[in-house]
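I set out to record the sheets of this model and the helices about them. The entries below follow the order in which I looked things up.

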Amino acid sequence: MSAQLTDAGLDATEIAKRVDAVLTDPLYWFPVRHHSPTTARHVQAAIAARKPKVVFIEGPFEANDLIPHVVDAATAPPVAIYSSYRDDDNVLGLNGYASAAPDIPARFAVWYPLTPYSPEYVAMKTAATIKADVVFIDLPHYARVERHAPTPEGRQPPREAPVVAPNEDRLITSSGFYKHLADAAGFKSWDEAWDTLFENPVADDYEAYRREMATFCCAARATADHAAEHAEDTVERERHFLKTIRETLAARKLKPEDAMVVCGGFHLFLDRADKAAPPECPAGTVYTTVVPYSYFRISEMSGYGAGNRAPQFYQTCYDLVAAGRASDIAMEHAIAVLRHMRKGGDPLSTADAISVTHHAGMLARLRGRPHPTLDDISDALITCCCKGNPNEEGTKLRAAMDVAGIGTKIGKVTSKLGRLPIVNDFHTQISDLELGEVLGKEKKMSVKLDKRDALAARRSAFLHRVSYLKVPFAGIVNTGGDFSGTLFREDWHLKWDPKTEPALIEQNLYGDTVEAAALNRLREAMAQAGTNAGQTCARLLEAVDMDMPDLVQAAEDACGDAIDTDASFPSLATALRHLGRLEQYAVFRGLRRSVLEDLLTRCYDRACFALPDAANAPEEEQQGVVDGLISVAEVVLRDPVRYDRVLFAQAARTAAANSTVPFLRGAFLGLLCEIRELPATALAAEVASLALASVEVMVTAGDLLDGMLAVSQTSLMLGAERLVAAVDDLLKAAEWDPFLVMLPRLRAAIERLSNPQKDSLAATVARHYGLAGSEDLRAMSGSLGATALVARLDAAVAATLKDWPL
């Protein structure tokens, strides 16, 4: 590596001197990279050879008591150490900034995944075999969170939630040395560079490996990006390393040579003379546990910052090397990929796997690698098995490569560890509610509930809470909407998922029970909703569904404040829909009917007053306006005595008159037709008037009609003959270019109709053009019907234009 150091502008002699100083330290340091099978193999050899009395590992200090459970014979990786912190007394000063409101505690959590071939896990297991103690030395993640005090003005500046999961790969890849090396060698990624330099399946000299990796990391640290170091709290963490190591050796009366440190290679070159103390851990509630994990969650595809790009592939490498079959890695991975392809019907065979293996070997030699890496094997698969463009015909192959590379393995944890309170509460409630038969089953279980039954009501509240927490276990299929016998009924699908318990553990930050977690999450969501009436009323509905009476009254008060403050018509219309839903079962749920009636009246009036301001909403908000019009119209038509239709109609007329957006103007006019304030013939007249307008206005006909049909379809069908005639006049008046501009939106408008409505309109078109007896019209259905209708419109235009000069 001396040549690379010199080329990068580094003094190779000085780097070698620094590396020697670390490697000859009485305290034996071994550099690792997370989830590296080759590093794990060398760590295992080093521990077995040196037999230290204590092994210090870069792991969460607060989880030291979990180490026996990690190495327990009944624990099978992939697993993860989970650590969470809740700032109950706001000692960090972040409540309201890293949480939704000042009275809601800031919460932080981090996962430390482990595979069977993670160097840290292998170090723990190997230490157990020689009866050496293991001590985690990393700074607790919550000690890395920056404390904030009020500014002189008494306010705290908004800030993003702190990053708590260290990713040491960033420290390497942001260094000047790595960037120079990658450019010189042509590495396309850090993974390719690492596999080329350090994932050698046949090398077995752990001391040579240790020196080579230490030299690489020394050069990287010498040219490190200090901003990246600061972002990872590198110095603060290393101070905790040193403090823990020194105190442990002193307490156990051990010499440095009796110990060994397993940590990221970047940290080998920490400042050993640094006497500063690490940050203090803030007071608060801390939970740690070990949970089952999956290879997908460990993969970078899941969003895990330090993710392994192909956990199953590297597991295969680790297993084959241990079995003395390192030369079979390329073949085994190729077979795994092609097996997935054959499941999809592709006729790939063992001969293809052999071709891939040979090709991967040639690519490795061409690229100067002593063995094929995952990049070589992947390129060989594309070359040998993709018959076309890799980004088109190769899509299925790439998907199979991802599946085979990531794998589906899920770990398990020893039962000796027990469960966190929220997990225990979940299982207790499953048993009490007589839903235990779903646990451990692969098939969905259907549960039909009538909430007038006491057990069913309790089940409903529990399932709504679990669903609200986004725990993969329960999904509602439908819910009642009126008093016709379905209001109190719910259909649920239940299915146990390997992600159920990890998802519950993530909610542990919010409470020790499912109810407490859902309550705190809902309180947080209410605070985040602020003055948005639609979101606040949605939270009230959720509180009722989850049977949280203590929160319902607070939510009712919040709804009133939001309704009086919010000026957004779509939001107010959404709030009105939610409140109407609540009123339907107010008595059943013990809600204060007088309060609901007052909220409904205020919300309706506010929505009507806000409607004119939505006349020219930007495009991204227009669908919300349309949905709001439909919601309010349904309320008016359902209860015309309570709700003043004239008030709504006046607001819609004002909005239509003020709107310069054809789609919205059409929606407002369609609304007036839907509530019987405007005849359907008037809408047809609006379309027909465009035939006499300028070209710029004429081409908006499709948008106008689209808006009309977005809100009112049944009413328009009553005037279908006038509408068809109006469109006919419009098309006759349009020249070719304006016609082409209008046509897509005209088609989009017709597509809004249901199949029976399309058939009816098609029949009207047929009568208009003298085709009423055509058998093919009666056979039209679905989008085909719309296509046929537009085809006839096209034919009519063609007939009109046949004698026109083009």
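Entry 1. Which residues are buried in α32? I worked on a predicted model. In α32 I found Ala701, Gly702, Asp703, Leu704, Leu705, Asp706, Gly707, Met708, Leu709, Ala710 and Val711 to be buried. Buried here means under 20% relative accessible area. Eleven of the eleven residues of this helix (residues 701–711) are therefore buried, so α32 is largely enclosed by the rest of the structure.

Entry 2. I next traced an open sheet of four strands, ordered β1-β6-β2-β5 with parallel pairing. Its edge strands are β1 (28–32) and β5 (133–138), each of which pairs on one side only. On average, neighbouring strands in this sheet are turned by 30 degrees against each other, direction ignored. I then looked up how β1 is joined to strand β6 (residues 259–264): five bridges link the two, which run parallel. Phe30 has Val262 in β6 as its bridge partner.

Entry 3. I turned to the helices that lie across this sheet. Helix α3 (residues 37–50) lies across β1, β2 (54–60) and β6, and runs at about 165 degrees to β1. Helix α11 (residues 234–252) lies across β1, β2, β5 and β6, and runs at about 150 degrees to β5.

Entry 4. I also examined an open sheet of three strands in the order β4-β3-β7, with antiparallel pairing. Because β4 (107–114) and β7 (285–292) stand at the edges with a single partner strand each, one side of each is left without a neighbour in the sheet. Neighbouring strands here are turned by 15 degrees against each other on average, direction ignored. Strand β3 (residues 79–86) is joined to β4 by eight bridges, the two running antiparallel. I noted that Ser84 stands opposite Ala109 in β4.

Terms used: Residues numbered from 1 in each chain as written. Predicted model: local features only at pLDDT ≥ 70, side-chain atom pairs only at ≥ 80, totals over all residues. Heavy atoms only, no water. Pairing = 2+ DSSP bridges. Axes fitted to C-alpha atoms, helices over the stretch in contact; angles between N-to-C directions. Contact = heavy atoms within 4.5 Å. Buried < 20%, exposed > 50% of the residue type's maximum accessible area, 1.4 Å probe, protein only.
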